[in-house]
Amino acid sequence: GPCTECSCSSGKEPDKDPSHTKKKENGDRLCVPKIFFGTRTHKQITQISRELKRTAYSYVPMTILSSRDYTCIHPVVSNSSNRNEMCVELLEGKQGKSCSYYHSVHKLSEHHALQPAPRMYQAWDIEDLVSLGRKLRACPYFAARELMVGADIVFCPYNYLLDPQIRESMDINLKDQVVILDEAHNIEDCARESVSYGVTESQLRAAREELDVMVNNNIRQKHHEPLRAVCCSLI
């Protein structure tokens with residue numbers, strides 16, 4: 001039956017491979033936890049996956065979660081400054097267009113080079129995934145996310161583990177999983193960054209002007225007046 005003891009990163013049932021199951025005394029199935037390995041930068045992930053290749057664990061099913069900046073191969077989206085929004089718009093298909101790379105994602109996530117098989121499979125890094133994605137014309141960004149379901153180890157930048165919004169959008173559930181933070185003394189800065197937001201004085205002035213108009217025209221005054229006061233005090 002479905003695995004009740006652990007929250008696998010997707011709602012799917014865990015695979016039926018007996019090596020991935022441990023018996024509990026009461027007969028319930030128990031998933032082996034995933035290892036989430038967080039690093040400060042994408043560059044460090046590349047170094048660590050190279051090290052993994054050199055160990056006896058090079059065959060362990062893995063994935064690397066990274067941003068579209070590193071993994072989008074769509075000719076228009078990848079050259080744009082707001083890749084995330086453009087990608088989402090394409091997938092929603094509002095302009096009648098869609099992303100053929102996204103629709104081929106299974107070609108990449110199911111490709112034999114990324115499927116654990118005796119002596120065939122070995123640890124890979126983002127560049128390996130992207131170059132294979134280009135060959136297959138399939139999206140590395142979403143393939144990496146699909147591979148998380150069967151992965152024993154998931155590499156990602158810190159903020160994927162620390163920032164609740166990113167965790168949610170990436171379907172990362174850390175309950176009962178193993179989390180390793182490389183160079184953990186950097187965590188404080190990273191946590192601060194993930195809840196910080198930069199705003200310019202001209203943006204504040206523009207916001208105040210718009211709020212003035214709202215308040216003067218009696219549009220939801222009780223909501224807009226306190227916001228205007230915040231803008232004024234910041235300016």
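A pocket, found on a 1 Å grid over the protein atoms alone, is an open set of points where a 1.4 Å probe fits, with protein on both sides within 12 Å along at least five of seven lines; lining residues have an atom within 4 Å of a point. Its volume is the space filled by probe spheres set on the points, which are joined across faces, edges and corners.

This is a predicted model, where local features need pLDDT of at least 70, side-chain atom pairs count only at pLDDT 80 or more, and totals for chains, interfaces and linings use all residues. Residues are numbered from 1 along each chain as its sequence is written, and side-chain values use heavy atoms, leaving out hydrogens and water.

**Stop 1**

Go to the second largest pocket, with about 310 Å³ of space. Select Ser67, Arg68, Asn84, Tyr141 and Tyr160: of the 15 lining residues, these are the closest to the centre. Now colour α2 (68-71), α3 (83-92), α7 (140-147), α8 (158-162) and α9 (164-169), which each give two or more residues to this lining. Helices are DSSP runs of H or I, at least four residues, and strands are runs of E, at least two; both are numbered from the N terminus. α3 gives the most, with 3 residues.

**Stop 1: the sheet**

Next, show the open sheet of 4 strands, in the order β4-β5-β3-β6 with parallel pairing. Two strands pair if DSSP finds at least two bridges between them. β4 (62-64) and β6 (178-181) are the edge strands, each pairing on one side only. From one strand to the next, the twist averages 20 degrees. β3 and β5 run parallel, joined by 5 bridges. Pick Thr39; its bridge partner in β5 is Pro157.

**Stop 2: the rings**

The structure holds 3 aromatic pairs. Rings of Phe, Tyr and Trp (its six-membered ring) pair if their centres lie within 6.5 Å; planes under 30 degrees apart are stacked, over 60 edge-to-face, the rest tilted. Select Phe37 and Phe155: a tilted pair, 5.6 Å centre to centre, 50 degrees between the planes. Phe37 sits in β3 and Phe155 in β5, 118 residues apart.

Phe155 is buried at 2% relative accessibility. Buried means under 20% relative accessible area, exposed over 50%, partly exposed in between (1.4 Å probe, protein chains only).

Finish with Tyr102, Tyr141 and Phe142, a cluster linked by ring pairs.

Technical notes. Axes are lines fitted to C-alpha atoms, for helices over the stretch in contact, and angles run from 0 to 180 degrees between N-to-C directions.
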